[in-house]
Amino acid sequence: MQCLRCGKETGADAAFCPECLETMEDYPVPPGTPVVIPARSARKTAPRPRDVPYEVQIARLRQQLRRLRIAAAALAAALALTLALFLVDIWNHQQEKPDIGRNYSTAESSTPPSGT
């Protein structure tokens, strides 16, 4: 019989295609028939990392924590500086007294009129 997916020839009692591993459910196998499962290639596994002693792990975690604390302190300082500059800018704008009630259209210009 042939696999319906890849067209390769399979055994009469095969439950899976040895080429594409497709199930041969369109061809039911009678109960009690031995099923041949195709062999798969060995899977490459990543090498297991060496066991690191707890003391080394703790030292690394403390170093990471120290770096995070420094980064948090730098961020807090930057935010405090930004807030201080913002407040100084607001203070300066409040100190400027606008000319309330002054009519700018009737005010005399300090530059001589052009065209004469």
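The protein has one helix and zero strands, where helices (H or I, at least four residues) and strands (E, at least two) are DSSP runs numbered from the N terminus. The model is predicted: local features need pLDDT of at least 70, side-chain atom pairs count only at pLDDT 80 or more, and totals for chains, interfaces and linings use all residues. Residues are numbered from 1 along each chain as its sequence is written, and side-chain values use heavy atoms, with hydrogens and water left out.

Of the 116 residues in the protein, 6% are buried; buried means under 20% relative accessible area, exposed over 50%, and partly exposed in between (1.4 Å probe, protein chains only). The protein exposes about 11,100 Å², and carbon and sulfur atoms supply 59% of this area, computed by the Shrake-Rupley method with a 1.4 Å probe. Among contacts (heavy atoms within 4.5 Å) between residues at least 6 apart in sequence, 4% join residues at least 24 apart.

Helix 1 spans residues 54-95 and includes isoleucine 90. Arginine 62 also lies in helix 1, whereas glutamate 22 is found in the segment before helix 1.

| Residue | Relative accessible area | Class |
|---|---|---|
| Isoleucine 90 | 33% | partly exposed |
| Arginine 62 | 57% | exposed |
| Glutamate 22 | 29% | partly exposed |

Arginine 62 belongs to a surface patch of positive charge with Arg66, Arg67 and Arg69. Patches are made of residues with over 30% relative accessible area and no salt bridge; like charges are joined within 9 Å, and nonpolar side chains (Val, Leu, Ile, Met, Phe, Trp, Tyr) within 5 Å. A salt bridge is a side-chain nitrogen of Lys or Arg within 4 Å of a carboxyl oxygen of Asp or Glu.

Glutamate 22 and cysteine 6 are 8.7 Å apart, C-alpha to C-alpha, with a sequence separation of 16 residues.

Note on methods: Lys, Arg positive; Asp, Glu negative; His and termini not counted. Charge placed at Lys NZ, Arg CZ, Asp CG, Glu CD.
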